[in-house]
Amino acid sequence: MTKTYYDDFTKLPLTKMAQAMSDITYGYEETQVPKEHYKKALSAGYEEIVSANVSVKLVETIYNMLNGLQKESPRLFYQALVLLDMGIKPSIMSAQQYQALALVSDDFEQNQKGAHVKRSNI
């Protein structure tokens with residue numbers, strides 16, 4: 001079996017491995033990434049990497065859920081976002097707040113329809 005660069009690479013100390021990665025990256029369209037970047041990334045604790053991956057998955061899950069809710073009912077989705085932004089719980093809204101929310105939602109929907117008409121005329 002032929003020995004490869006990878007075989008030697010995996011045995012390099014951290015500093016030399018980081019420099020080798022920087023050199024390899026430079027070989028792609030002269031992309032410059034300092035070896036310190038790779039050294040820091042390779043020195044990161046396993047917990048940090050796992051935590052970042054879990055965060056990405058959680059964001060993806062929340063995004064997909066919100067995207068589904070928006071498609072299901074754009075008006076209610078928008079109203080929920082307004083209430084979250086304003087710090088108002090739906091269970092304790094006054095009649096005046098509910099009416100204001102309805103007016104804001106109507107205005108938003110009209111602006112959205114106008115934006116669609118403008119785009120379709122282009």
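Q: How is A44 classed at 25% relative accessibility?

A: A44 counts as partly exposed, because its relative accessibility is 25%. The cut-offs are these: buried is under 20% relative accessible area, exposed is over 50%, and partly exposed lies in between (1.4 Å probe, protein chains only). This is a predicted model, in which local features need pLDDT of at least 70 and side-chain atom pairs count only at pLDDT 80 or more, while totals for chains, interfaces and linings use all residues. Residues are numbered from 1 along each chain as its sequence is written, and side-chain values use heavy atoms, with hydrogens and water left out.

Q: Where is A44 found?

A: A44 sits in the loop between α3 (35-43) and α4 (46-72). Helices here are DSSP runs (H or I, at least four residues), numbered from the N terminus; strands would be E runs of at least two. A44 and L84 are 40 residues apart in sequence. In space, their C-alpha atoms are 36 Å apart.

Q: Why does T25 count as buried?

A: T25 is buried because its relative accessibility is 19%. T25 belongs to helix α2, residues 14-26.

Q: Which residues does T25 touch, not counting residues up to four places away in sequence?

A: A contact means heavy atoms within 4.5 Å. By that test, and leaving out residues up to four places away in sequence, T25 touches T31, V33 and Y38.

Q: Which other residues of α2 are buried along with T25?

A: M17, A18, A20 and S22 are buried in α2, as is T25. The buried residues of α2 pack against α1 (5-9) and α3.

Q: What span does α2 reach from its first C-alpha to its last?

A: The expected span of a helix is 1.5 Å times one less than its number of residues. α2 has 13 residues and reaches 18 Å, close to the 18 Å expected at 1.5 Å a residue.

Q: How many residues does α5 have?

A: α5 has 13 residues. From first C-alpha to last, α5 reaches 18 Å, close to the expected 18 Å.

Q: How many salt bridges does the structure hold?

A: A salt bridge needs a side-chain nitrogen of Lys or Arg within 4 Å of a carboxyl oxygen of Asp or Glu. The structure holds 4 of them. One of these joins K3 and D8, with the closest N and O atoms 3.1 Å apart. K3 is exposed, with a relative accessible area of 57%. D8 counts as partly exposed, at 38% relative accessibility.

Q: Which residues are linked with R75 in a network of salt bridges?

A: D106 and E109 are linked with R75 in that network. Take D106 with R75: their side chains meet at 2.9 Å, N to O. D106 lies in helix α6 and R75 in helix α5, so the pair ties together parts 31 residues apart in sequence. Now take E109 with R75: their side chains meet at 3.0 Å, N to O. E109 also belongs to α6, so its pairing with R75 in α5 ties together parts 34 residues apart in sequence.

Q: Which residues does A102 touch, not counting residues up to four places away in sequence?

A: With those neighbours left out, A102 touches R75 and Q79. A102 is in helix α6. A102 and L76 are 26 residues apart in sequence and 10.0 Å apart in space, C-alpha to C-alpha.

Q: Which helices each supply at least two residues of the lining of the largest pocket?

A: α5 (74-86) and α6 (95-121) do. The largest share of the lining, 5 residues, comes from α5. The lining includes R75 and E109, along with F77 and Y78.

Technical notes
On a 1 Å grid over the protein atoms alone, a cavity is a set of points where a 1.4 Å probe fits but cannot get out, and a pocket is an open set with protein on both sides within 12 Å along at least five of seven lines; lining residues have an atom within 4 Å of a point.
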